[in-house]
Amino acid sequence: MQVTIDAYSGFCFGVTRAITSVESELKNGALCCLGDIVHNGQEVARLEQMGLSTIDYDDLRTLPAHSRVLLRAHGEPPSTYWIAEQRGIEIIDATCPVVKKLQDRIRACYEQHKNDEERPPQIVIYGKPGHAEVIGLQGQTNNTAIVIENKEQLDRLDFNRPIYLFSQTTKSVDGFNSLVEAIKSQISNLKSQISLEAHDTICRNVANRVSQLQAFAKANDIVLFIGGTKSSNARVLYTHCVEVNPRTYFLSGPDELTDELIMQCRATERVGICGATSTPLWLMERVSERLSAS
């Protein structure tokens, strides 16, 4: 049995930057993070053991002045900064630069067109409703942006008004392109004169992982995909692995390696271990160690 850890799996740049910020800032005293720093329970637990506290929005409104709060890579809406300023809270902003650039673009679009009374525009976000990044993006438009996940939800749009389309940074490129074509088709079918501006704002470092993971999954007999149960990115990438290798198993960590699964792995030649953008390398290494030691 040869066990290989996928070289392309693990934290993306934005998450790595946020984790590094936490580890550095903890040396300077107490630190809170607004929401889970990453959608991986084991990594959250590791950082909490180092002294990080995880808080929610209710906690933010009651923190004493001079508390220090780190904003994770997903980004936050302007209201979060306003609350912190009103309460005298110090913000350590670990928003991913790719997400921050997207926030700026959406806010600029909103400010430019918000007073177009004759044909008020629609800012549309291709993303997952309720996702932390999407909440931050909606906040740039005073929560007027429309969020849709697929072309089946086009009935939420008004095809008598201009459409400015952006994407959550971690969404599928194919899904975005499909949505663009569906909107164009609807405009054509309705013989509408509205304009569509489609901005592909997907992070290529994340998007490229699909093809990389599928190549990795094909190269192995069994694949152990390691991811957090809260991570939508993990579920999506896991599904892509299953598409090319049905013998792909989703695990949160080494404790979920059952005797039956270990026996299946040992009966094959090649076992691949991979993970999501929120999966730490050390966790994949522990799964490998557990498997090899069995």
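Hi everyone. A word on the model before we look around: it is a predicted one, where local features need pLDDT of at least 70, side-chain atom pairs count only at pLDDT 80 or more, and totals for chains, interfaces and linings use all residues. Residues are numbered from 1 along each chain as its sequence is written, and side-chain values use heavy atoms, with hydrogens and water left out.

Let's start with the whole chain. It has 12 helices and 12 strands; helices here are DSSP runs of H or I with at least four residues, strands are runs of E with at least two, and both are numbered from the N terminus. The C-alpha atoms fill a box of roughly 70 × 55 × 25 Å along the principal axes. Of the 294 residues, 51% count as buried, meaning under 20% relative accessible area with a 1.4 Å probe, protein chains only.

Now, a sheet. Which order do its 4 strands take? The order is 7-6-8-9, with parallel pairing, and the sheet is open. Two strands pair if DSSP finds at least two bridges between them. Strand 7 (146-148) and strand 9 (196-198) are the edges, each pairing on one side only. On average, neighbouring strands in this sheet are turned by 25° against each other, direction ignored. Strand 8, residues 163-167, runs parallel to strand 9 and is joined to it by 3 bridges.

Helix 5 (97-113) touches strand 6 (122-126) and strand 8, and its direction makes about 170° with that of strand 8. Touching means contact, with heavy atoms within 4.5 Å. The angles run from 0 to 180 degrees between N-to-C directions, using lines fitted to C-alpha atoms, for helices over the stretch in contact. Helix 7 (173-189) lies across strands 6, 7, 8 and 9, at about 170° to strand 8.

On to another open sheet: 4 strands, order 1-12-10-11, with parallel pairing. Its edge strands are strand 1 (2-5) and strand 11 (248-251). Strand 1 pairs with strand 12 (270-275) in the parallel sense over 4 bridges, and Thr-4 has Gly-272 in strand 12 as its bridge partner. Helix 9 (209-218) packs on this sheet, touching strand 1, strand 10 (222-226) and strand 12. Helix 12 (281-293) lies across strands 1, 10 and 12, running at about 175° to strand 1.

Methods: Buried means under 20% relative accessible area, exposed over 50%, partly exposed in between (1.4 Å probe, protein chains only).
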